[in-house]
Amino acid sequence: MNYAAAFRTCRVDKCGPLGNLFFGVTTGENTIGLIVATSIPCIFLVLRGATRWILAVYLLSVVYISGSRTALQVALIVTILVVVTGMSSTSMGGIWRRFLTIGTASVGLALGIVLPYLPLNPTDFTNRAYLWKLASAQLEDSQLFGFGALIWGNQVAVGTISRDEAYSVHNQWLDIRYTTGALGIALFIILIVIALRQADKWTAPQTALLFIPVIYSGLLERTWAFGLLDVFGWMAAATLLALEPAAEPAANTSSVLTEALAQRGHGTERVLTGLDNTNPRGAHGN
């Protein structure tokens, strides 16, 4: 085993619990941490029973040893939210679930949008405030279309940013604006609105849960890449297409059948079989 292939020495401002930074098969500890943290909601929504908790604990451990502080905070937010709401593939609806998940997503969304524009010192948030001020100042020259995906990284050569800061401006919303301008922001918001509107009362909390890791990691990182074809860009497409659109029941569908259809296959066949049975005591009089 080649230690240097998966670990690197700690930075002055950051170190993992093992005395190093773990990046695995990716390019950095933040990359693997955010990929794993973003996938945790899928574990809770796909698997059942003890299996999902075993895998969730494993993924949390990977995030923890990576040394990525942002990814660890995001992973804990998602896990706590699932524990509090009892979210799973068979427990979808409920007003309080919708209120808590959509409310949590909305708070993170608002924070992410306004954070780069607050009156901060350049050294705040591990020098991220400096990057935000630099990107905002440059955007005065290209408000509508942005600068594309490569201009930010090219600034390493002139010394305005370091190599470790070259992959993004370290805020999801400002990064989209820097890359694609106001036009890209508008298109991205439309994508999210469509994804949320196609969810019914059963899947709206699940849809919000999928967005929450992206929203909260987007406070200090660029989780979804726009303008670059990388793993985070594919994760954006997967999240937007993760849940099928809400089914429209027929006008004469009973309330019991409507609920069965909303469950999307979780015991639907059994419910439909029961509805078709004209003997209220069952086929065998049981």
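**Figure 1. Asp-175 in helix H7 of the predicted model.** Asp-175 belongs to helix H7. The residue is buried and takes part in no salt bridge. Arg-222 holds the nearest side chain of opposite charge, 4.6 Å away. The side chain of Asp-175 does reach the backbone nitrogen of Val-169, at 3.4 Å. Neighbours within four places in sequence set aside, Asp-175 is in contact with Ser-168, Val-169 and Arg-222.

**Figure 2. The salt bridge between Arg-128 and Glu-221.** The closest N and O atoms of Arg-128 and Glu-221 are 2.7 Å apart. Arg-128 is located in helix H5, whereas Glu-221 is located in the loop between H8 and H9, so the pair ties together parts separated by 93 residues in sequence. Arg-128 counts as buried because its relative accessibility is 10%. Glu-221 is also buried, with a relative accessible area of 1%. Side chains of opposite charge can pair when their charged atoms come close.

**Figure 3. Lys-14 and Glu-29 within a salt-bridge network.** Salt bridges that share partners join Arg-8, Lys-14 and Glu-29 into one network. Between Lys-14 and Glu-29, the closest N and O atoms are 3.0 Å apart. Lys-14 occupies the loop between strand S1 (7–8) and strand S2 (21–22), and Glu-29 is part of helix H1, so this pair ties together parts that are 15 residues apart in sequence. Both Lys-14 and Glu-29 are buried.

**Figure 4. The salt bridge between Arg-11 and Asp-13.** The side chains of Arg-11 and Asp-13 meet at 2.8 Å, N to O. Arg-11 counts as partly exposed, at 29% relative accessibility. Asp-13 is likewise partly exposed, with a relative accessible area of 33%. The structure holds four salt bridges.

**Figure 5. The largest nonpolar core.** This core has 55 residues. Those with the most contacts inside it are Ile-40, Trp-132, Trp-152, Leu-209, Phe-211 and Trp-224. Among the elements that give two or more residues to the core are helix H1 (29–46), helix H2 (49–66), helix H3 (69–85) and helix H7 (172–197). H1 provides the largest share, eight residues. In soluble globular proteins, nonpolar side chains tend to be buried together.

**Figure 6. The surroundings of Ile-40.** Residues up to four places away in sequence not counted, Ile-40 touches Leu-59, Leu-60, Ala-75, Val-78 and Thr-79. Ile-40 is one of the residues with the most contacts inside the largest nonpolar core.

Technical notes:
Residues numbered from 1 in each chain as written. Predicted model: local features only at pLDDT ≥ 70, side-chain atom pairs only at ≥ 80, totals over all residues. Heavy atoms only, no water. Core = buried A, V, L, I, M, F, W, Y, C linked by side-chain atoms within 4.5 Å. Buried < 20%, exposed > 50% of the residue type's maximum accessible area, 1.4 Å probe, protein only. Helix = DSSP H or I, 4+ residues; strand = E, 2+ residues; numbered from the N terminus. Contact = heavy atoms within 4.5 Å. Lys, Arg positive; Asp, Glu negative; His and termini not counted. Polar contact = N/O pair within 3.5 Å; in protein donor to acceptor, adjacent residues only side chain to side chain.
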